[in-house]
Structure formats: C-alpha cells, structure tokens
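Subject: Handing over the structure

Hello,

Here is the structure I promised to pass on to you. Have a look at it first, and then read on for what turned up in it.

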Amino acid sequence: MEFSELRPFKYKLESLIEAHQSSGNVTHVSIYFRDLNNGPWFGVNSRELFSPASLFKVPIMMAILKEAETSSGLLQARLTDMDPEDRARVEITPGRRVEKGRSYSVEELLEMMITRSDNRAHDLLLGYLNRKVFERIFLDLGLKPPDLAARDAQMSVKEYATFFRILYNASYLSRDMSRRALEFLVRSEFDRGLAAGVPPGTMTAHKFGERAYPEGGLKQLHDCGIVYHPRAPYVLCVMTRGEAVGVVVRLTQPLHAR
C-alpha cells in the first residue's frame with residue numbers, strides 16, 4: 001500500500017510526466033520510489049513493462065557474487081575475450097572496453113560490466129554464469145526468471161527496484177558481497193541520469209539501461225539505483241519509452257530536493 005505522506009511528490013511527478021508526454025518527448029514513463037529508512041513508497045505507472053536491457057547486468061553480477069560466497073577463487077579466475085564484437089546495438093558506449101586477447105579476472109570483468117556497462121565484459125561473464133543461481137535470485141524474490149537471450153524480456157520498475165533494496169539491506173548476498181556490488185554501482189560512469197539530478201557530493205549507486213531498435217521502434221532509457229540522501233537514503237527507479245527519452249533527470253529532481 002502506498003503512503004499518503006508521499007502523495008504531493010507523486011502528484012508533482014505525474015504532472016511532469018503528462019507535460020513530457022504532451023510535448024512528444026516520451027510515450028511512457030514509470031517511476032518507483034522507496035524510502036530505505038522506514039519503507040514508505042509510491043509508484044507512477046509502476047506495473048508498466050519495459051525491456052530492462054543492461055539493467056539485467058545487476059542480477060548477473062549478484063548471481064556471480066552469490067556463487068563466490070561458497071566458491072573460493074571464483075572472482076580471481078581469469079577469462080580472455082577472443083571475439084570482442086558487440087552484439088547489442090547501443091547509443092551510450094563506454095570509453096574503454098575489454099580488449100581482444102587480454103586476460104581479465106572475473107572481478108575485473110564485473111567492475112567493467114557495471115561501471116562502464118561494457119557489453120564485452122557482459123558476454124564473457126554470461127558464458128561463466130551459473131544460470132541456476134541466476135534464476136534462483138528471481139524465484140526467491142517472487143519474480144519470473146528472464147530468458148537472457150530474448151530481446152523481449154520485460155520487467156516493471158517496481159519489480160526491478162527489489163534488487164537494489166536487498167543490496168542495500170544485505171539481505172540476500174552476504175554483507176561483504178553486497179558491499180562489493182554497491183561499490184561497483186557507485187562508480188558507474190553514466191552521469192546523465194539519476195547522478196545528474198542529485199546535489200553535488202551525493203553518492204548514487206545506480207545502473208542505466210537502454211534499448212534502441214534498429215527497425216525504428218521507440219527507444220527506451222532507464223536508470224535505477226540508490227540515492228544516499230543525507231537525511232533519508234532511497235531507491236529510485238525510472239523507466240522511459242519514446243522517440244526522445246532524455247527526461248530522466250527532469251523527472252527526478254523533485255525527489256532529490258525533498
């Protein structure tokens with residue numbers, strides 16, 4: 001059940017969303033907010049389904065860290081990329097990527113996959129991933145495990161935000177592994193979403209995702225994470241779909257100012 005004290009923020013965001021939709025910037029926007037201190041939350045179109053795209057890199061990271069809790073040396077294992085061609089069509093590309101023929105530890109690849117959203121690191125780790133551990137995370141959270149090979153895998157903002165809540169609470173991974181995951185997320189190089197709208201010096205542990213369709217379909221751009229607000233840290237997840245979807249920052253500013 002949503003909390004009444006958050007209704008003014010929700011109404012303001014709904015007005016902003018309507019304005020952006022009227023201007024043609026976006027066709028769909030979904031938002032999920034949750035205060036991490038005492039749990040009040042609200043959602044706007046929070047059950048609308050989107051393609052998470054690179055957002056799936058977070059549960060992939062979590063599955064590998066989960067297995068590393070009981071598999072000594074897993075994070076130090078080394079992998080070499082012999083086919084560095086990007087399979088996904090993306091518009092936001094990392095500055096540096098995995099290099100063909102170079103050896104990387106699993107932990108280094110996790111960092112590159114999260115901080116830079118490197119698809120080459122993702123592809124290497126996908127071949128190393130224990131799919132049963134990955135699927136178990138979703139099942140334990142009451143979610144349907146996605147087919148990572150399918151382009152039409154979908155989730156809502158409310159569902160996806162659960163990953164950040166359990167990382168913050170260290171309620172699924174161990175405290176040490178949750179800390180590692182959040183440290184990677186804090187170092188994300190993407191600065192045009194949630195991180196752009198927070199006051200200077202506010203730490204944000206987040207991951208963005210984008211989906212661009214070569215056949216001319218509507219683009220999708222998402223950013224989800226934890227904002228370590230000095231008074232009350234919170235989870236914020238924004239997913240958008242449209243021809244021009246660079247509205248994440250303007251939609252989240254009212255929350256950052258609370």
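Let me start inside helix α2, which is where Ile 60 sits. Please keep in mind throughout that this is a predicted model.

Ile 60 has a relative accessible area of 0%, so this residue is buried. Leaving aside residues up to four places away in sequence, Ile 60 touches Met 113, His 122, Leu 126, Leu 129, Phe 134 and Leu 148.

Helix α2 covers residues 57-68, which makes 12 residues. From the first C-alpha to the last, α2 reaches 16 Å, close to the 16 Å expected at 1.5 Å a residue. Of its 12 residues, 10 are buried, so α2 is largely enclosed by the rest of the structure. The buried ones are Lys 57, Val 58, Pro 59, Ile 60, Met 61, Met 62, Ala 63, Ile 64, Leu 65 and Ala 68. And what covers them? The cover includes the helices α3 (106-115), α4 (119-128), α5 (131-140), α6 (157-169) and α7, along with strand β5.

Stepping back to the whole chain, you will find 9 helices and 7 strands. The chain has 258 residues, and 53% of them count as buried. Its exposed surface comes to about 11,900 Å², with carbon and sulfur atoms supplying 47% of that. Among contacts between residues at least 6 apart in sequence, 66% join residues at least 24 apart.

Now to the sheet. Five strands form an open sheet in the order β2-β1-β7-β6-β5, and the pairing is antiparallel. At the edges stand β2 (41-44) and β5 (204-211); each has a single partner strand, so one side of each is left without a neighbour in the sheet. On average, neighbouring strands here are turned by 5° against each other, direction ignored.

Further in, β1 (residues 28-35) and β7 (residues 234-242) run antiparallel and are joined by 8 bridges.

Within β5 you can pick out Thr 204. Is Thr 204 buried or exposed? Its relative accessibility is 6%, under the 20% limit, so Thr 204 counts as buried. Apart from residues up to four places away in sequence, Thr 204 touches Leu 185, Val 186, Leu 194, Ala 195, Val 198, Ile 226, Val 227 and Tyr 228.

Finally, the charged pairs, which may interest you if you plan to look at side chains. The count comes to 11 salt bridges. Here are three of them:

- Glu 108 and Arg 78 form a salt bridge whose closest N and O atoms are 3.7 Å apart. This pair links distant parts of the chain, as Glu 108 lies in helix α3 and Arg 78 in strand β3 (residues 78-80), 30 residues apart. Glu 108, at 35% relative accessibility, counts as partly exposed.
- Arg 187 and Glu 111 form another, with the closest N and O atoms 3.0 Å apart. Here too distant parts of the chain are linked: Arg 187 is in the loop between α7 and α8 (194-197), Glu 111 is in helix α3, and they are 76 residues apart. Arg 187 is partly exposed at 40% relative accessible area, and Glu 111 is partly exposed at 29%.
- Asp 176 and Arg 179 meet in a salt bridge at 2.4 Å, N to O. Both are in helix α7, and being 3 residues apart they are separated by about one helical turn. Asp 176 is partly exposed, with a relative accessible area of 33%, and Arg 179 is partly exposed at 40%.

Asp 176 and Arg 179 also belong to a network of salt bridges, in which they are linked with Glu 107, Arg 180 and Glu 183.

Note on methods: Residues numbered from 1 in each chain as written. Predicted model: local features only at pLDDT ≥ 70, side-chain atom pairs only at ≥ 80, totals over all residues. Heavy atoms only, no water. Pairing = 2+ DSSP bridges. Helix = DSSP H or I, 4+ residues; strand = E, 2+ residues; numbered from the N terminus. Axes fitted to C-alpha atoms, helices over the stretch in contact; angles between N-to-C directions. Expected span 1.5 Å × (residues − 1). Buried < 20%, exposed > 50% of the residue type's maximum accessible area, 1.4 Å probe, protein only. Contact = heavy atoms within 4.5 Å. Areas by Shrake-Rupley, 256 points an atom, 1.4 Å probe, with all protein chains shown as cover. Salt bridge = Lys/Arg side-chain N within 4 Å of Asp/Glu carboxyl O.
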